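Here are some notes to go with the model you are about to open. Please read them with the structure on screen.

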Amino acid sequence: MEGSSQPIIITRGLRKEYDMGAETVYALRGVDIEIQRNEFIAVMGPSGSGKSTLMNLIGCLDTPTAGEYVLNGTPVQDLDDDDLARIRNEEIGFVFQTFNLLARATALHNVELPLIYAGVKAAERRDRAAAALDRVGLGDRMDHRPNELSGGQKQRVAIARSLVNQPSILLADEPTGNLDSATSADIMRLFVELHRHGQTIIMVTHEHDIASFAGRIVTLVDGMVASYDAKLGPTPASVMTASAATTP
Amino acid sequence: MSIAEALRVALSQIWAHKLKSLFSLIGVVIGITFLIAVITVVEGMNRYVQEDFAGSLFGVNSFSIVQRPTVQTGNYSAEELRRLARNRDVDLDDVEAVRRAVPDARYIAWRNASRMDEVWYGERRRRNIRVIGGSEQYQAIQGWEIDRGRGLTPLDQQRALKVAVIGPAIAEKLFPNGAALGKRIRLQAHRFEVVGVFERKGGLFGNAWDAAVLVPYETFNQTLSTKRDRVREISVKANNQREMLAAMDAVEEALRIRRGLRPGEENDFHFQTSSGLLSAWETINNILLAAVPGLVSVSLVVGGIVIMNIMLVSVTQRTREIGVRKAMGARQRDIMLQFLAESSIVSLVGAALGIGLGLGLGKLVERLSPLPASIPPWALAMAIGLGLLVGLSSGIYPARRASRLNPIDALRYE
Ligand SMILES: Nc1ncnc2c1ncn2[C@@H]1O[C@H](COP(=O)(O)OP(=O)(O)O)[C@@H](O)[C@H]1O
Ligand SMILES: [Mg+2]
């Protein structure tokens, strides 16, 4: 690690338990990780190992049962509801496996959503949302509703939405889980491109060829980190050059 | 999120669920329709009573002396009614006393009147008429206008001629081809020559006057009266309110002396004024207006519950949407605002429809009756205020539920 630069994410003993009445599910059982700015990380692990739980905690969609989480130098566990909403709005961009677009809204309006809650004025909002859609190659689909878009296009809208507020971290929970392999590769190329422009990305996947686009792989097993610094090699030549320099 | 943004989101949501939205505002529509319709009618009746009814019965700045109230307004106790029934009949000696007491009055008139009677012309008959024996100024004090022929003259009065001015409803029935003047009609055993026909007064209360026959007081006294020199009503019209009150005092004193009442003894006659009638009307009016809030609030509460339940269903159906919005940075108050905007718009639209329907009902009443439709601005403000109140209060619980959802639970909701 580069001693001088502070990690963008630090977790210490992060735990998440679900009380299910008779039994307690231990989804995370003390996770310590550090992630540097500009890293592209893949989180892997068997189903039920706690990957999504970890992502939701990092994304401030959920709160841990125990442990510390410091985001950009801010201890998140001390924040109230409004602060968490502000962090989700300003610091985090989320991409979900199931896209989670507003079904009745146009692509443009979906992308505007974070800007609405950031209090950006309508005209600027439009411009920035349109620019974000351009960036993911959907400049000509702005007025389409989700049911008029393919899976890959939907996910691009979701990515544009996650980026429109220039978040510090892009979180993607199995972003290609619902896509065919050709479309998945397109999305991965987009991620590599974003990463090359300095975007910090944390991505959950259970597919090795998807994970191979990342610079570092964190593997969870049974709610604990099993391997912290693995690398899959060699990534496809076309994107290798773009992502090579990122791992500290 | 700004309020404008919340309203925009709410509007698109309402538009996307037109049918559901329409259904949810029915309760409010009913409540507000009712509110506006009742206020329109009550206000209309109010105006009618003040401007037309009271004026046409007594005229402005007028009072009359009667044995007991001729207009039943319902605000006398049984006790009072018994006392009034014991009052002495009014007669021509009372008329003399009144004339001497207020020599400067603009008009003084007196009348006797039959109970419901019938009038004949040949084989034709009109039932349910009223014969009035009126003094010289009676027609003037009543403000009755002549349509054809002439009114009663001083000569008719002095000589107690058997002449009659008939109401238009009678003229129509007895003389379908219009030629009423100069014809001789029969009232009980007496024949009268028709010298004039009154203009139609129409209206809710004017209809009775349209079926009246006016004959000279003295003629009535000699022919149809059941008791000699009896007077049903002495009417005095002053030039203004102040003179009217002074005249009432003078008349009261004169009548008490003439009737030999001792100090402390109650009057054995009754004053009737348009303001007295109006205060009686006000009592009715207040009862009506007091009943409205109860009925309206019941329908508004029901309307509010309907909106609340539909909003709760809507919150459940839109749990994922709420999750998405929260994941994108919506704060609790943003979600709250969105749902409150939605319930308020629905309720306000309901209130607007209710105002429209209520005014429509009022107009219908205006068409079908002589009552003018009159809606005071405060009623509109109240309707809108109530709409907003129902919207906010029915939205607050669903909105809180929505706003407090944990983002991840909302996103995961199936
Ligand atoms: N809301 C919840 N309630 C109860 N158990 C949960 C909940 N969310 C996740 N879990 C449990 O926590 C564990 C980790 O889940 P998750 O993080 O979704 O795993 P992964 O994403 O790695 O498949 C699983 O056993 C799962 O059943
Ligand atoms: Mg998962």
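Which residue of chain B forms a salt bridge with Asp82(A), and how far apart are the closest N and O atoms? The partner is Arg333(B), with the closest N and O atoms 2.8 Å apart. A salt bridge here is a side-chain nitrogen of Lys or Arg within 4 Å of a carboxyl oxygen of Asp or Glu.

1. A word on conventions. This is a predicted model, in which local features need pLDDT of at least 70 and side-chain atom pairs count only at pLDDT 80 or more, while totals for chains, interfaces and linings use all residues. Residues are numbered from 1 along each chain as its sequence is written, chains are lettered from A and ligands numbered from 1 in the order in which they are written, and side-chain values use heavy atoms, with hydrogens and water left out.

2. The interface in numbers. On the chain B side, 25 residues are in contact with 20 residues of chain A, where contact means heavy atoms within 4.5 Å. The buried area between the two chains is about 2100 Å², and carbon and sulfur atoms give 54% of that. Buried area is the accessible area (1.4 Å probe) that two parts lose on being put together, summed over both.

3. Polar links across the interface. The rule finds two salt bridges between chain B and chain A. It also finds ten residue pairs in polar contact, both residues at pLDDT 80 or more. A polar contact is a pair of N or O atoms within 3.5 Å; within protein, one must be able to donate a hydrogen and the other to accept it, and residues adjacent in sequence count only if both atoms are side-chain atoms.

4. Where the chain B side comes from. Helices H1 (3-16), H13 (319-327), H14 (332-368) and H16 (407-412) of chain B each supply at least two residues of the side that touches chain A. The largest share, six residues, comes from H13(B). Helices (H or I, at least four residues) and strands (E, at least two) are DSSP runs, numbered from the N terminus. By class, this side of chain B has nine nonpolar, six polar and ten charged residues. Ala, Val, Leu, Ile, Met, Phe, Trp, Tyr, Cys and Pro count as nonpolar, Asp, Glu, Lys and Arg as charged, and the others, Gly among them, as polar.

5. The chains one by one. Chain B has 16 helices and 13 strands, and 50% of its 414 residues count as buried. Chain A has eight helices and ten strands, with 54% of its 248 residues buried. Buried means under 20% relative accessible area, exposed over 50%, and partly exposed in between (1.4 Å probe, protein chains only). Among contacts between residues at least 6 apart in sequence, 79% join residues at least 24 apart in chain B; the figure for chain A is 71%.

6. Salt bridges within helices. Over all chains the structure holds 37 salt bridges. In chain A, Arg196(A) pairs with Glu193(A) at 3.0 Å between the closest N and O atoms. These two are about one helical turn apart, because they sit three residues apart in helix H6 (residues 181-196) of chain A. In chain B, Glu5(B) and Arg8(B) meet in a salt bridge at 3.2 Å, N to O. At 7% relative accessibility Glu5(B) counts as buried, whereas Arg8(B), at 41%, counts as partly exposed. Elsewhere in chain B, salt bridges that share partners join Asp91(B), Asp94(B), Arg258(B), Arg259(B) and Asp268(B) into one network.

7. A buried arginine. Arg111(B) lies in strand S3 (residues 107-113) of chain B and counts as buried because its relative accessibility is 12%. Its side chain makes a polar contact of 2.9 Å with the side chain of Glu233(B).

8. A buried valine. Val95(A) belongs to strand S6 (residues 92-95) of chain A and counts as buried, at 0% relative accessibility. Leaving out residues up to four places away in sequence, Val95(A) touches several residues, including Gln155(A), Ile159(A), Leu171(A) and Pro175(A). As for Leu163(A), that residue is 68 residues from Val95(A) in sequence and 9.6 Å away in space, C-alpha to C-alpha.
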